[in-house]
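Welcome! Let us take a friendly walk through a protein and look at some of its charged residues, its helices and its loops.

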Amino acid sequence: MTSLSPWSGEGPVAFPVLALRDLVFFPSLVLPLLVGRPRSTRALEAAGRSEDLLVLLAQKDPETEDPSPDQLHRVGTLTRVVQRSVLPDQTVRVVFEGLERVRVHRFLPELTPGEHPSLRAEFEPLPYPAPGPDQVSEMEAAVRRVEREAREYAHLHPELADAPQGTDLDGPAVGQGTRPHPARIRSLHRVAGHLLLPAEEKQRVLEAETVEATASLLLEVLERELEILRIEERLDREMSRQMDKERRHIYLQEQLRAIQKELGGDGGEWDDLESRLAEVDLPDEVGARARRELDRLRRLSPSSPESGVIRNYLDWIFSLPWTRRTRDNAEVDHARQVLEEAHYGLDEVKDRILDHIAVLSLVGELRGPVLCLVGPPGVGKTSLGRSIARALERRFVRVSLGGIRDEAEIRGHRRTYVGSLPGRVIQGLRQAGSANPVFLLDEVDKVARDGHGDPAAALLEVLDPEQNRSFRDHFLELEVDLSGALFIATANTLAGIPGALRDRMEVIRIPGYLDTEKRVIAHRFLLPAQLRDHGLEPGRLHLTDGAVDRVIEGFTREAGVRELDRCLARMARKVARGVADGTRNRVGAETLHPEDLEGLLGPPPHRRDPGTDSEDRVGIATGLAWTQVGGDTLEVEVAVVPGSGSIQLTGTLGDVMKESAVAAFTFARARARLLGLRPGFHREVDIHIHIPEGATPKDGPSAGVTIAAALVSALTGLPTRPRVAMTGEITLRGRVLPVGGIREKVVAAHRTGMTTVVLPAGNGAVLERLPVEVTRRLEFCLVDRMDQVLDEVFGREMTLPGSTRVGDPEHPGGPLDGALRISQ
């Protein structure tokens, strides 16, 4: 490199200017550059006329095509053109030699004629200040540290592995003695010039005021870049080791297959598992878990117990419908047709179901509360779920929850147990073969609870639409999306369902069938099915309407049709037996009338006789009760005998019903004067309250008004009307409070031939949803006071003022002296 100085005297010197894009040129460097912009070419030409000297200035914005003086940095490098050559595309390849740092004094007017005149400026040298005697050692130490870091940088950086000689990246090692000041500067400039840094950082290094500042900036940059390079080197080594490990693993697997084949092992098992894994569409998490378990299985001995557990686990993963779904048929007309074909009656239930299907047709998914069909046995809850699946054209799965007491039945067993399996929900999905079946949870009110956990609490995650998108089974230990399934629960009563679980379900009550509905169901559904099941031709057996009514009234006592179906099955078996032994013709229709039933079914076990007007009904009142098999009627009997004031309750009564009896007796005592009784009558008699069918437990508050009416009848000697049924809770002040199960109770009153039903006024809204047939044949009386109940039960208004008393000389009779007489 030449050492001739271009500065001939004092003051700035003018040189052509060549702008550099995204590049900073340092002194002491010799590098080739490609020059192609018109203004840069003019600058080269101008340099040729001034001893090939020009100044290289970096642009502030490398995107600028034709920068102005304001868009150039003020500190640059004075260079000499060492060599130039023109390439075929007219681009000039120029080798520059950096001489020293310079600073722009001012830009000169553009004198070169043409469209792109070259830039010229006056420059002044920008030397580094000489260090003091006490700073030489510190500067030398800093320069040597930069050189050490630069050598490591060149060693680690792949693009500098073949760096040109003379760059000082492999410069003199530490210990060569103290070098002169210009040598240290050249070393720093060469290091800075060959670092792969952004142009802005290199410009900061070039503009540093002192050698110490230059070394400090370079050390900061080198340490940062070295940290990045060390991380990259570590990552490269780890990746290389991983690739070597994978190649070794593949090689060992191939050897293992060859060994198993030589030993006669089942080498095709791996291929089968691999093909199943490739064919099944699994979520990312599930696929990664399956591959991990398959790798574990390969490393285990076939005789290892754990290998069987892993095979079973993989089989469950491959067989579950993670992404398989059936296409829904959300046409409301189609769903209505399916429901009408499979079920008779149940109009309100069908309407609610069609509402949900209509929502499905609009939004494409069913989100919200789970349907819970509540009703007595035999009303068609399970068959309704199956019909919903048919209407939607989905797969149907039924899971019986009756008697389940282990939480693992829902969430599955952990794989640490021998013979562990997933829970019934996951088993149901596998059975359905699709991720969106209709899932029927049968008998959800009969879930038990013990020390093994609470299955009802586990059902919360299954039935909650906000949680079942990520249901986690203990066996799979993977998230399963249950949001596509339509869950339907069935129950006989809501009493056995925990409150938190009931809160997640939309309850649809099925009260039971009327006798006319049962008749149609028997003709349309039950009898044809029994004939088919017993090998009889369709139409071989026919029952008249009177015969079906006789079976319903005398041989069944239920809200549903199960016992009716069993009676028809008995008749079909009798006919089939006659056909088999030749006593009946194989062909031809046979019609059964009511008088033919006893020969097939025997004497009727039930009798529906609500009593007659001539029956002695003093102390008897008919109440309405709700049971798990539907509504029913019960008669309360009260006997009053001389005694010392004791009360006896019989009939297997529960605590609530006993309290209702005590409340009714207290009401009668409070109304003793109005009823014409002596104030201390209760100390002179014993009262026995009995509800027949004592073997059947009975409880609930709804018998309060019935007990009070029977008690008043027994105390006053007045008979109750025989075809009047009642229900309601009584208070000490004679108020009648609403109770539940009104629809079932009213249907029972209709079934048993009642004509008048006394209901609490608070239950009046239920009457609007009752079948027309029931409201047409029954008279309803809504009451809110016990006095109104007594008026209906005794059939006439009780006039207290001026009433005469039984026991007067003109009016003998009555069980108690001083009983009230009803005015005519």
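## Getting our bearings

Helices (H or I, at least four residues) and strands (E, at least two) are DSSP runs, numbered from the N terminus. This is a predicted model, in which local features need pLDDT of at least 70 and side-chain atom pairs count only at pLDDT 80 or more, while totals for chains, interfaces and linings use all residues. Residues are numbered from 1 along each chain as its sequence is written, and side-chain values use heavy atoms, with hydrogens and water left out.

## Two loops with a positive phi

Start with threonine 652, in the loop between strand 18 (647–650) and helix 20 (655–670). Its phi is positive, about 55°, although threonine 652 is not a glycine. Threonine 652 is partly exposed, with a relative accessible area of 39%. (Buried means under 20% relative accessible area, exposed over 50%, and partly exposed in between, using a 1.4 Å probe and protein chains only.)

Glutamate 443 is another non-glycine residue with a positive phi, near 55°. You will find glutamate 443 in the loop between strand 9 (438–442) and helix 14.

## A covered helix and its cap

How many residues of helix 14 are buried? Eight of the nine residues in this helix (455–463) are, so helix 14 is mostly covered. Among them are Pro455, Ala456, Leu459 and Glu461.

Aspartate 454 caps the N-terminal end of helix 14, with a side-chain oxygen 3.2 Å from the backbone nitrogen of alanine 456. A polar contact is a pair of N or O atoms within 3.5 Å; within protein, one must be able to donate a hydrogen and the other to accept it, and residues adjacent in sequence count only if both atoms are side-chain atoms. The side chains of arginine 411 and glutamate 407 make such a contact, at 2.8 Å. Arginine 411 sits in helix 12 (residues 408–411) and is buried, with a relative accessible area of 15%.

## Salt bridges

Side chains of opposite charge can pair when their charged atoms come close. A salt bridge is a side-chain nitrogen of Lys or Arg within 4 Å of a carboxyl oxygen of Asp or Glu, and the structure holds 40 of them. One of these joins glutamate 201 to arginine 224, with the closest N and O atoms 3.0 Å apart. This pair links distant parts of the chain: glutamate 201 is in helix 4 (residues 199–206) and arginine 224 in helix 5 (residues 211–262), 23 residues apart. Glutamate 201 is buried at 17% relative accessible area, whereas arginine 224 is partly exposed at 35%.

Arginine 566 forms a salt bridge with glutamate 563, where the closest N and O atoms are 2.9 Å apart. Arginine 566 and glutamate 563 are three residues apart in helix 18, so about one helical turn separates them.

Where is arginine 617? Arginine 617 forms a salt bridge with glutamate 635, the closest N and O atoms being 3.4 Å apart. Arginine 617 lies in the loop between helix 19 (597–601) and strand 16 (620–627), while glutamate 635 is in strand 17 (residues 630–642). Arginine 617 is buried, with a relative accessible area of 1%.

## An exposed arginine

Arginine 733 is in the loop between strand 21 (729–730) and strand 22 (736–737). Arginine 733 is exposed, with a relative accessible area of 65%. Arginine 733 and alanine 663 are 70 residues apart in sequence and 9.3 Å apart in space, C-alpha to C-alpha.
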